[in-house]
Amino acid sequence: MDEDAVRDRLRTVEDPELGDDIVSLGLVNDISVDGDQVDIDLALGAPYSPTESDMAAEIRELLLEDGLEPDLSASIPDRDDFVTEEQVLPNVKNVIAVSSGKGGVGKSTVAVNLAAGLSQLGAQVGLFDADVYGPNVPRMVDADEPPMATEEETLVPPEKYGVKLMSMAFLTGEDDPVIWRGPMVHKVITQLTEDVEWGHLDYLVIDLPPGTGDTQLTMLQTMPVTGAVIVTTPQDVALDDARKGLEMFAKHDTVVLGIAENMSTFACPDCGGEHDIFGSGGGREFADEHEMPFLGSIPLDPAVRESGDGGQPTVLSDESATGDAFRTITENVANNTGIVHRRGVSQARRSEAASPDR
């Protein structure tokens, strides 16, 4: 079987989210055939996302049926081909910002469980607690080991649950308040990302502070943010502030990967009834109103508070409905990250093919 024949076989593999086959979409970067060995490079950009993993598995099965030995790799043109060491976070494939318009909606809880959930899928993950004034990620993962310093004056982040961690909480006293103006925040945020030995990461999850202030602007102006997750509760007050966050990302041309609704229905363990303490369905309605993906709802569950205080992310609890909710959100974030990359590659290649100069 030659390259053209392999390409024809790949036309039977569809991208379920973009609605066409991977060849027509331009998602096949390269094919090399040497006897029974077939090397294929695909434009897949979200490692361990369920959709992209399923597509790769389908390709392997298809070629194995033809008696071929497939070797698949993945790269995103213009992202992976031109990365230099001078760029910010050159070894990080995807930067995911977790944001909320206001405090108290469980943004850090979502960020911690998202990072742990991505690691559980098999990805290499980092988690940066960028909430300089109120860092609490270390407590939520029970991490008290500070980062180590190298001879080059860079920091080696500690690791918990397979996630590399960095937080201002590692560098200040437990009860010491951080009282800084904007320029100092900008400097520290830059140092805590660029001067950290993150290594090669599939995902770096950034837990932003609430609101639309200096930290958010620093991140959006200096970091290669792949996309953002907006966390809200169902109530109108939280949704009003979520709109401000949505507008902030729009002004900086940052893709919003979806809306996560926290603290939805409370299932009473005593009476067996369900109570909409903070309202119902507000997150989904907000997503629909702004034509954004809805990532899922997390119930109001005392176990989430206990897990946060105890340093054990709920997403790692296999027999928990709330754990299932976090896993659904994690998978949707990974899948939507893949859509961003694949759609970008497909649009660029179709535009090139339609150009009269080519």
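User: Which residue of strand 5 does V38 stand opposite?
Analyst: This is a predicted model, in which local features need pLDDT of at least 70, side-chain atom pairs count only at pLDDT 80 or more, and totals for chains, interfaces and linings use all residues. Residues are numbered from 1 along each chain as its sequence is written, and side-chain values use heavy atoms, without hydrogens and water. Strand 4 pairs with strand 5 (residues 69-74) in the parallel sense over six bridges, where strands are DSSP runs (E, at least two residues) numbered from the N terminus and pairing requires at least two DSSP bridges. In strand 5, the residue opposite V38 is P70.

User: What is the handedness of the β-α-β crossover from strand 4 to strand 5?
Analyst: The chain passes from strand 4 through helix 2 (residues 50-65) to reach strand 5; helices are DSSP runs of H or I, at least four residues long. With the strands pointing away from the viewer, a clockwise path from the first strand over the helix to the second defines a right-handed crossover. This crossover is right-handed.

User: Which residue is the bridge partner of D30 in strand 4?
Analyst: Strand 3 (residues 28-34) and strand 4 (residues 37-42) pair in the antiparallel sense over six bridges. They form a hairpin with two residues between them, and G35 in the turn has a positive phi of about 70 degrees. The bridge partner of D30 is D41.

User: What percentage of the residues of the protein chain count as buried?
Analyst: The chain contains 10 helices and 17 strands. Buried denotes under 20% relative accessible area (1.4 Å probe, protein chains only). Of the 358 residues, the buried share is 49%.

Note on methods:
Buried < 20%, exposed > 50% of the residue type's maximum accessible area, 1.4 Å probe, protein only.
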